[in-house]
Amino acid sequence: MVRWFACGLAAVVVGLAPAALARPQRDGGGLEPALLAQINWVRAHPGAYADRLRDASETRATDEAIDFLERREPAPPLQFNAGLEASAARHAADEGEHGAFTHTGSDGSSAGERMHRAGVWAGMMAEEMSAGESSADDIVRQLIIDEDVPGRGHRNDLMDPFLKQAGVGCASHPVYSVICVIDLASAPPPRD
């Protein structure tokens with residue numbers, strides 16, 4: 001995980017079964033709004049989500065996630081940001097088109113550069129990626145448990161109260177069937 005105040009980045013691929021996955025829809029009623037709603041529910045109810053994780057496979061990462069969430073105060077909901085949605089959607093489509101799974105765009109762009117192109121400026125930005133999961137619940141579980149991710153960066157970013165805005169983009173992917181990108185940002189800097 002690379003983290004700096006311009007952009008925090010992390011990615012995870014867990015439990016891939018491409019043939020069994022449904023394609024997300026881009027009709028406003030698809031995976032993206034459900035994913036943002038699920039993230040916001042976990043932020044508001046960390047203890048209750050810890051209880052739900054007790055039913056997951058017992059691994060060190062799951063135990064760490066439960067402990068983390070039980071000690072966590074609720075965080076305010078992430079506010080939808082159209083610029084972050086545009087940035088996330090473009091990157092998901094780019095990754096799907098090229099069969100890639102990286103935070104670097106096919107044009108060499110970083111997450112921060114893509115967010116800036118979409119008109120987002122903030123003191124802190126983060127990008128999370130998930131591939132191979134087709135439901136909001138499964139994606140959030142994947143990112144909160146953060147199996148095999150040093151530092152558990154996805155979990156930390158999704159629960160960080162300093163990050164206040166988000167946008168989600170999902171696309172079809174030739175290898176993983178589905179890829180979702182979640183772009184997050186702190187509040188915009190004050191304007192003089």
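## Helix H2 and its cover

In helix H2 (residues 46-53), the residues Pro-46, Tyr-49, Ala-50 and Leu-53 are buried. Buried denotes under 20% relative accessible area, exposed over 50%, and partly exposed the range in between, with a 1.4 Å probe and protein chains only. These residues span an arc of only 110° around the axis, which puts them on the same side of H2. The arc is that of the directions from the helix axis to the C-beta atoms. The cover over the buried residues of H2 includes helix H1 (31-44), H3, H6 and H7. Helices (H or I, at least four residues) and strands (E, at least two) are DSSP runs, numbered from the N terminus.

## Basis of the model

The model is predicted: local features need pLDDT of at least 70, side-chain atom pairs count only at pLDDT 80 or more, and totals for chains, interfaces and linings use all residues. Residues are numbered from 1 along each chain as its sequence is written, and side-chain values use heavy atoms, with hydrogens and water left out.

## Aromatic pairs

A search of the whole structure returns 2 aromatic pairs. Such a pair consists of rings of Phe, Tyr or Trp (its six-membered ring) with centres within 6.5 Å; planes under 30 degrees apart count as stacked, over 60 as edge-to-face and the rest as tilted. The ring centres of Trp-41 and Tyr-49 are 6.5 Å apart and the planes stand at 70°, so this pair is edge-to-face. Trp-41 is partly exposed, with a relative accessible area of 31%, whereas Tyr-49 is buried at 1% relative accessibility.

The rings of Phe-101 and Tyr-176 have centres 5.7 Å apart and planes at 70°, so this pair too is edge-to-face. Phe-101 belongs to the loop between helix H4 (82-98) and helix H5 (111-117), and Tyr-176 to the loop between S6 and S7, so the pair ties together parts that are 75 residues apart in sequence. Phe-101 is partly exposed at 21% relative accessibility, while Tyr-176 is buried, with a relative accessible area of 17%.

## Arginines over aromatic faces

Arg-52 lies over the face of Trp-41, at 5.1 Å from the ring centre. The criterion is that NZ of Lys or CZ of Arg is within 6 Å of the ring centre and within 35 degrees of the ring normal. Arg-155 is likewise placed over the face of Phe-68, at 5.6 Å from the ring centre.

The search of the whole structure finds 1 disulfide, the term being used for a pair of cysteine sulfur atoms within 2.5 Å. Cys-170 and Cys-180 form this disulfide, with their sulfur atoms 2.1 Å apart. Cys-170 is in strand S6 (residues 163-173) and Cys-180 in strand S7 (residues 177-186), so the bond ties together parts that are 10 residues apart in sequence. The torsion about the S-S bond is about 110°, so the disulfide is right-handed. Both Cys-170 and Cys-180 are buried.

Arg-72 is located in the loop between helix H3 (60-70) and strand S4 (79-80) and is partly exposed at 27% relative accessibility. Apart from neighbours within four places in sequence, Arg-72 is in contact (heavy atoms within 4.5 Å) with Pro-46, Met-159, Asp-160 and Pro-161. A polar atom of the Arg-72 side chain lies 3.0 Å from the backbone oxygen of Met-159. Arg-72 and His-45 are 27 residues apart in sequence, and their C-alpha atoms are 9.2 Å apart in space.

His-91 is situated in helix H4 and counts as buried at 1% relative accessibility. Not counting residues up to four places away in sequence, His-91 touches Thr-102, His-103, Thr-104, Gly-105, Arg-114, Glu-127, Met-129 and Val-181.

Asp-148 has a positive phi of about 65° although it is not a glycine. Asp-148 is part of the loop between helix H6 (136-145) and helix H7 (153-159) and is exposed, at 71% relative accessibility.

Arg-152 also lies in the loop between H6 and H7, and its phi is positive at about 50° although it is not a glycine. Arg-152 is buried, with a relative accessible area of 14%.

Key
A polar contact is a pair of N or O atoms within 3.5 Å; within protein, one must be able to donate a hydrogen and the other to accept it, and residues adjacent in sequence count only if both atoms are side-chain atoms.
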